[in-house]
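Visitor: Hello! I would like to learn how to read the features of a protein structure. Could you show me around one?

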Amino acid sequence: MSSDIDLEKAFDIICDKSCDRWEDIAQKLSPGNQTRIASLKQEYRDNLRQQCYNYLTRVWWEEQGDEASVQELCRVLGELRLNRTKSLVEKVCNISPAKISKEELEPQSSLTQEEVTHLSDRIRTLETKLSEKDNTIVKRLVYSTINLKLPSDTKNPWIEDIAVDEAGDVFVTDHDNNCVKCFDDKGQNKWITHSRNLNKPPHNVSLVNKKFIAVTKESSNFLDILRTNDGVKVKEVEHEPCLQPCLTIRSDTVVISDAFTRKVHIYKMFNYNLTKVHTISPLMAKPLIWLPHHVHVTSDQKLLVSDWATETVQAFTLQGDHIFTYGADKQGRRQLSYPYGVCSDPANNILVADNMNNRIVLLTPDGQFVKDLPTKEDVLDEPLALTVAHGQLYVSAQSSIHIFQ
C-alpha cells in the first residue's frame, strides 16, 4: 500500500502531465464506473485538470481505500504508454521501475516497406557521419571521474546534490543510501554521515563557508550544519516544514524549495538563524511553478528554479518577480525533459542538467540557448546534480561524478 502523501504527489504529477488522457486512465482503473466519470465531465466541463484530479481523489481513491497504491497507477500509465509520466511518478515517490510489459514494447503502428527502407537509409547515413566524427574534443572534455559507490552502500548511489569547496573536496547527498558523503580531490572517500546521525534522510547540500556545509532533510523543518573536515553535525537551523527540501546558499541568502507544497522560501541567515523575507507560491508565481526541483542563486542575484512539471527553468528576482522562462530554443525545439540540477558559472551563464535528454544545456545569463555541453556521447547518462568549481563542471550521473574541463 502507499502513503497518502505519495498518492497525492502521484495525483499531482498525473494531472499536470497527462490530464488530457484522464478518461483512458479511468477506463483502466474503473472500467465499470462510467456514470461518475460522465458526472465529473459535466461538473468540470472546461477544466481537464479538475476532471482528472477529482476522478483520482473522489472516485478511484474512495473505491480503493487502503488498497490504493502508486504502483497500480504506474502500471496503468505503463499500459497506456504514458512512460514519461510514469517515470516521473516513480522518481518522486521513490518506486523502483517495474519491468516493461510486452504491450509497452509493441510498436504503436506498423511501418510500410517504403518507410522501413527510408529509415534504414537514414540510419546508415548517420552511422557513416558518426564514424567520421573527430572525437578529440570529447576525449579532452572528461577530466576525471569519482566513483561514488562505497562498500557500505546497500544500493547504487542516487545523488540528489553536489557541493565543492575551495580545497576541492566534493560533498554529495546520496538519497538511496540515506547518507552524506565526502570525497577529496583525488576521489578518495574522506567520511560518510548516515541518516541515523541526522534523524532524517538527507536531501540537498550547500556550502556555508570554508568550515561548514548545510544539509536539508526529507519531511523536516531543520537544516543540519555539518563540519566539512569530518561530517559531524554541530547545529540545527529551523525553517518552514518541507517534504522534499532543495537548497542553495549564496552569501547570506538561503533558498529552500519544496516540490510537494510547490513553494520556494527565501531567507536571510545571520548567526545560523534564518529570517524569511519572501515566499514564491503557486498562486503568486507567473507563470505557475508546478513542481520546483533544484534551486540556485547566481552571483547577480537571479533565483533559478528547475520545474519538472512544466519542464522549464524559471528565473526570478529574490523579491519573486519573474524574469524569464526557458523550456526550448527560439524555434520551439530541444524541449527540456525532466530538468534536474541547475547552476551558473562565474560569468552567470546558466547550466541545466537535462535529465532524460542525457545532456547539459548551456544558456546565456538572460536565458538564451547557447549549446549542449556534455551529452550521452561524453559518457553522460541521465545527469542529476551539477555545480561549477575551480573552472570545472561537476556532474552526477548514475553512480559517479564526472568532472569536465
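Guide: Gladly! Please keep in mind that this is a predicted model. Let us begin with a pair of residues: cysteine 179 stands opposite histidine 194 in β5.

Visitor: Which strands pair here, and in which sense?

Guide: As a general idea, strands of a sheet pair through backbone hydrogen bonds, and the pairing can be parallel or antiparallel. In this case, strand β4 (residues 179-183) pairs with strand β5 (residues 189-194) in the antiparallel sense, over 5 bridges.

Visitor: What do β4 and β5 form, and how many residues lie between them?

Guide: They form a hairpin, with 5 residues between the two strands. In the turn, glycine 187 has a positive phi of about 90 degrees.

Visitor: Now to the open sheet. How many strands form it, and in what order?

Guide: There are 4 strands in the open sheet, ordered β6-β7-β8-β9, and their pairing is antiparallel. Its edge strands, β6 (202-207) and β9 (233-242), each pair on one side only. On average, neighbouring strands of this sheet are turned by 25 degrees against each other, direction ignored.

Visitor: How many bridges join β6 to β7?

Guide: Strand β6 is joined to strand β7 (residues 212-217) by 4 bridges, and the two run antiparallel.

Visitor: Let us turn to helices. At what angle do α2 and α3 pack?

Guide: Helix α2 (residues 22-29) packs against helix α3 (residues 34-43) at about 160 degrees, and their axes are 11 Å apart. Angles over 145 degrees count as roughly antiparallel, so α2 is roughly antiparallel to α3. The crossing of α2 past α3 is right-handed.

Visitor: Which residues of α2 and α3 meet?

Guide: From α2 come Trp22, Glu23, Ala26 and Gln27, and they meet Gln34, Ile37, Leu40 and Lys41 of α3. Sorted by class, this contact has 4 nonpolar, 2 polar and 2 charged residues.

Notes: Residues numbered from 1 in each chain as written. Predicted model: local features only at pLDDT ≥ 70, side-chain atom pairs only at ≥ 80, totals over all residues. Heavy atoms only, no water. Pairing = 2+ DSSP bridges. Axes fitted to C-alpha atoms, helices over the stretch in contact; angles between N-to-C directions. Parallel < 35°, antiparallel > 145°, perpendicular 65-115°, else oblique. Left-handed = near helix turned anticlockwise from the far one by under 90°. Contact = heavy atoms within 4.5 Å. Nonpolar A, V, L, I, M, F, W, Y, C, P; charged D, E, K, R; others polar.
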